[in-house]
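Me: I've got a model open and want to talk through a strand and a pair of helices. Can you walk me through them?

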Amino acid sequence: MPQYSPTFQVICSDVRKGLSRLNDSSVDTVVTSPPYYGQRDYESDIQIGHEKTIEDYVDTLVEIFGAVRRVLRPEGTLWLNLGDKYLNGQLQGLPWRVALALQADGWVLRSDIIWHKPNAMPSAVKNRPTTDHEYIFLLTRSTKDYYYDADAIREPHVTFTNQSRMKGGRKHLGKRGGTPEAGKNRGNPNLHDGRWDQAFHPKGRNKRTVWSMPLSKYRDAHFAVFPESLVEHCVKAGSPPKGVVLDPFCGSGTTGLVSLRIERDFIGIDCSQRYCDMASERLRNQQGQ
Ligand SMILES: C[S@@+](CC[C@H](N)C(=O)[O-])C[C@H]1O[C@@H](n2cnc3c(N)ncnc32)[C@H](O)[C@@H]1O
């Protein structure tokens with residue numbers, strides 16, 4: 001069988017202009033990390049993240065993701081990574097403000113994933129815990145009819161391993177769809193199926209909502225880039241093979257790199273010429289492999 005040769009396109013422009021060049025319902029999944037509020041200077045007059053207030057920031061993102069929804073297929077998925085911010089000594093809850101504003105604008109909020117960063121930046125704070133997580137929200141256009149390949153991202157079982165003290169229940173093996181024959185859970189197929197998935201599914205248990213993945217540093221980028229394994233989980237679960245992946249804030253192109261490697265087409269948008277050049281070079285090198 002001939003292998004699929006995925007293609008890529010990097011559009012160097014403001015995200016709104018870039019999105020206006022894409023056709024309706026042409027993208028399978030979006031994996032992206034927009035600039036966080038007041039965090040970095042990307043040296044561009046049109047950059048996002050320097051709005052006067054956090055309300056303006058939230059409104060800007062809602063408008064942009066409205067344009068993203070137009071290009072997403074009805075069964076498409078959006079994986080949105082956002083970090084929080086302290087202002088005047090107070091945590092702002094920004095990821096959730098954005099998530100709830102997107103929900104109010106018509107998006108379906110399907111999951112909040114905690115990205116735990118085992119190598120998070122050290123911090124000198126002594127009056128609160130050091131933050132070592134960010135959020136990834138899974139948002140869709142539809143509550144049920146969206147693409148989600150659970151099998152593509154299953155994780156190793158814990159039950160019946162050294163990490164677990166659970167001893168009983170082995171008789172569930174090979175009995176999917178049945179019900180517990182005796183005991184207080186007798187006749188509860190839902191519980192039975194859940195136990196079977198948790199302990200015996202041949203591909204591992206259904207992915208949980210805490211993902212522990214170290215931050216990576218791409219030497220040419222002036223910011224911490226997405227870990228490739230994080231992108232890989234989103235792309236594999238959120239898009240079919242040979243599907244189209246979009247990152248409207250593509251930076252150094254990590255989403256594209258992973259998408260090409262696992263045989264999806266990629267479209268990236270970024271307003272910085274420097275990052276567009278960097279992403280294009282990385283993606284050309286990946287294609288040449
Ligand atoms: C957090 S970085 C993305 C990093 C990326 N996930 C990676 O792995 O390299 C955000 C990106 O958004 C871009 N950006 C900021 N404002 C923009 C705008 N108005 N239109 C398009 N891109 C923008 C910045 O240039 C920056 O590269």
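Reply: Two strands pair if DSSP finds at least two bridges between them; helices (H or I, at least four residues) and strands (E, at least two) are DSSP runs, numbered from the N terminus. This is a predicted model, where local features need pLDDT of at least 70, side-chain atom pairs count only at pLDDT 80 or more, and totals for chains, interfaces and linings use all residues. Residues are numbered from 1 along each chain as its sequence is written.

Me: How many bridges pair strand β6 with β7?
Reply: β6 covers residues 108–116 and runs antiparallel to β7. Within that pairing, Val-108 has Thr-140 of β7 as its bridge partner. The number of bridges between β6 and β7 is eight.

Me: And which residue of β7 is the bridge partner of Trp-79?
Reply: Strand β3 (residues 72–82) is antiparallel to β7, with six bridges joining them. The partner of Trp-79 in β7 is Leu-138.

Me: How many residues of β7 are buried?
Reply: Buried takes 20 or more other C-beta atoms within 10 Å of a residue's own, exposed 12 or fewer, partly exposed in between, with C-beta atoms placed from the backbone. β7 spans residues 133–140 and is mostly covered. Of its eight residues, the buried ones number six.

Me: At what angle do the axes of α2 and α3 cross?
Reply: Axes are lines fitted to C-alpha atoms, for helices over the stretch in contact, and angles run from 0 to 180 degrees between N-to-C directions. Helix α2 (residues 54–71) and helix α3 (residues 94–104) have axes that come within 10 Å. They cross at roughly 45°.
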